[in-house]
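Have the sequence and the model open side by side. Start where the chains meet, then move to single residues.

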Amino acid sequence: MTPLLNVQGLTKRYGGRIGCADVSFQLYPGEVLGIVGESGSGKSTLLNCLAGHLAPDAGQVIFDTRSDGPRDVLTMSEPERRMLGRTDWAFVHQNPRDGLRMRISAGGNVGERLMAVGAHHYGAIREKATDWLGRVEISAARIDDRPSAFSGGMQQRLQIARNLVTGPRLVFMDEPTGGLDVSVQARLLDLIRGLVRRMGLSAIVVTHDLAVVRLLADRLMVMKDGHVIETGLTDQVLDDPQAPYTQLLVSSVLQV
Amino acid sequence: MNAYNFAYLDEQTKRMIRRAILKGVAVPGYQVPFASREMPMPYGWGTGGVQVTAACLTPEDTLKVIDQGADDTTNAVSIRKFFEKTAGVAVTEKTGEATIIQTRHRIPEQTLTEDQILVYQVPIPEPLRFLEPSEVETRKMHALEDYGLMHVKLYEDIARHGEIATAYAYPVKVEGRYVMDPSPIPKFDNPKLESAALQLFGAGREQRIYAVPPYTKVVSLDFDDYPFDPSKPAHPCALCGAEDSYLDEVITDDAGSRMFVCSDTDYCAGRREGRDA
């Protein structure tokens with residue numbers, strides 16, 4: 001099987017300091033990869049390099065495109081990369097305000113990606129937006145409300161709907177549950193898990209919350225100081241951590 | 001009179017503006033940056049249009065200036081006087097006699113010809129401005145033809161008002177490539193953007209010039225199920241009886257009486273005089 005995403009030797013430096021160094025991994029279709037580590041360990045740098053928001057200094061990010069098979073995303077032209085960003089890829093920001101247009105109605109937010117790829121039938125766009133609001137448990141009656149009138153959890157669900165509406169194959173998530181209270185977190189995780197399984201999505205989830213990866217991720221990558229120090233199946237890494245830092249990380253979680 | 005160079009601007013400045021105009025004509029709808037000069041009038045009064053007009057004027061030209069369709073309002077009168085004084089060119093109020101027409105927010109009703117240039121005053125040249133505040137980002141969007149956001153605006157209109165409520169500065173796509181703000185003309189005028197005349201757009205404060213060359217394809221953006229509709233009030237003109245012209249609503253007293261009259265004063269006067277329109 002061809003990996004959906006094949007990352008080789010990805011390196012990003014900020015001057016003399018390291019963002020992330022020599023990261024390599026494969027992601028297969030339908031798989032969810034968790035990236036954990038403490039603040040400043042390079043998780044977000046890595047995610048932004050993968051998603052094309054930052055230009056890495058070295059390495060390859062080979063994505064299995066629908067039309068041309070595996071291609072290095074970093075050598076693609078900007079229009080191709082943008083097209084990928086609107087169709088096959090999705091990026092869920094930690095803060096929904098970064099991923100939503102706050103002054104545009106919920107329906108417009110969901111419809112934007114559709115219109116960006118050429119949907120010009122109002123009725124069809126609206127129908128699809130209504131469908132997706134339903135799937136993320138937002139009442140259809142709120143389709144014309146602006147996200148600023150939504151609660152934090154609803155905003156995050158709306159952001160997910162907006163991203164998944166074009167049926168992407170790869171979703172990048174940066175702390176998708178950050179800043180939400182625990183019961184809302186639990187519902188959101190449940191929802192994401194359902195969507196990922198039903199749509200057969202591949203996802204890369206960056207978080208410092210081990211509970212999130214325990215629920216969502218098939219495999220886990222632990223990062224420290226820009227390097228990957230441990231990888232493995234989620235349960236294996238969390239239940240039998242090998243690297244000293246991973247042991248520290250796992251034992252730092254409060255058991256209630 | 002001799003205190004000024006012909007048409008106020010110095011020759012080097014006019015050359016600079018002409019270069020921008022030529023580039024604009026070569027790339028229809030593309031906003032060409034230019035080094036806009038301080039003009040002896042406030043921004044928002046047509047400094048961009050005036051500079052473009054100055055760069056196009058020759059001593060043989062006949063100039064007409066329109067402000068919201070009218071030849072006799074402050075903006076039109078002062079700009080016309082300005083060029084009478086600094087260029088000494090002939091001026092007219094008749095659309096058919098003019099070779100250069102500077103306009104604020106209207107296109108004349110009378111069909112323009114290949115011998116005419118229409119110069120628009122543009123307050124905000126960027127059609128995506130109110131959707132995306134960053135100039136870096138909007139330029140990138142133009143470069144990559146990333147125009148989904150423009151339809152989001154129209155979507156919002158329909159969602160909120162049941163129809164595309166944008167009534168002026170209605171976005172158009174020029175020659176299948178650039179999305180352009182046609183300046184705040186009523187959308188009634190949008191079909192007239194496909195014209196035999198050269199159309200130049202000058203934005204002084206924002207320092208941009210763009211152009212629609214003669215016979216260029218200009219399409220108003222819309223949805224398949226909500227097609228573009230160049231609407232106007234359902235009345236004839238109260239003065240000349242025209243059914244096909246854009247109308248201004250004029251309040252005539254404080255008891256709610258109103259009348260609808262042609263916004264294009266020359267067209268209305270011409271019809272009443274029995275001139276060929």
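The paragraphs below go from the interface to a helix beside it, and then to individual residues.

This is a predicted model, in which local features need pLDDT of at least 70, side-chain atom pairs count only at pLDDT 80 or more, and totals for chains, interfaces and linings use all residues. Residues are numbered from 1 along each chain as its sequence is written, chains are lettered from A and ligands numbered from 1 in the order in which they are written, and side-chain values use heavy atoms, with hydrogens and water left out.

Begin with the interface. Contact means heavy atoms within 4.5 Å. Chain B brings 21 residues to it and chain A brings 22. The size of an interface is often given as the accessible area lost when the parts come together. Here the buried area is about 1800 Å², taken as the accessible area (1.4 Å probe) that the two parts lose on being put together, summed over both. Carbon and sulfur atoms give 58% of that area.

Three salt bridges link chain B and chain A, each a side-chain nitrogen of Lys or Arg within 4 Å of a carboxyl oxygen of Asp or Glu. One salt bridge pairs Asp146(B) with Arg86(A), their closest N and O atoms lying 2.9 Å apart.

Which helices of chain B each supply at least two residues to the side that touches chain A? They are H4 (135-143) and H5 (148-161). Helices (H or I, at least four residues) and strands (E, at least two) are DSSP runs, numbered from the N terminus. H5(B) gives the most to this side, nine residues. The side as a whole has ten nonpolar, two polar and nine charged residues. In this count Ala, Val, Leu, Ile, Met, Phe, Trp, Tyr, Cys and Pro are nonpolar, Asp, Glu, Lys and Arg are charged, and the others, Gly among them, are polar.

Helix H2 (residues 78-86) of chain A has Arg82(A), Leu84(A) and Arg86(A) as its buried residues. Buried means under 20% relative accessible area, exposed over 50%, and partly exposed in between (1.4 Å probe, protein chains only). Their cover includes strands E4 (58-65) and E6 (89-92) and helix H4 of chain A, together with H4 of chain B.

Val117(A) also meets Arg86(A). Val117(A) sits in the loop between helices H4 (106-116) and H5 (122-135) of chain A. Beyond its neighbours within four places in sequence, Val117(A) contacts Met83(A), Arg86(A) and Thr87(A). Its C-alpha atom is 7.4 Å from that of Arg86(A), 31 residues away along the chain.

Return to chain B for Thr166(B). It lies in the loop between H5 and strand E6 (172-174). Thr166(B) counts as buried because its relative accessible area is 8%. Its side chain makes a polar contact of 2.6 Å with that of Asp157(B).

Finish with a backbone feature. His105(B), a residue other than glycine, has a positive phi near 70 degrees. It is in the loop between strands E4 (100-104) and E5 (117-121) of chain B.

Technical notes:
Polar contact = N/O pair within 3.5 Å; in protein donor to acceptor, adjacent residues only side chain to side chain.
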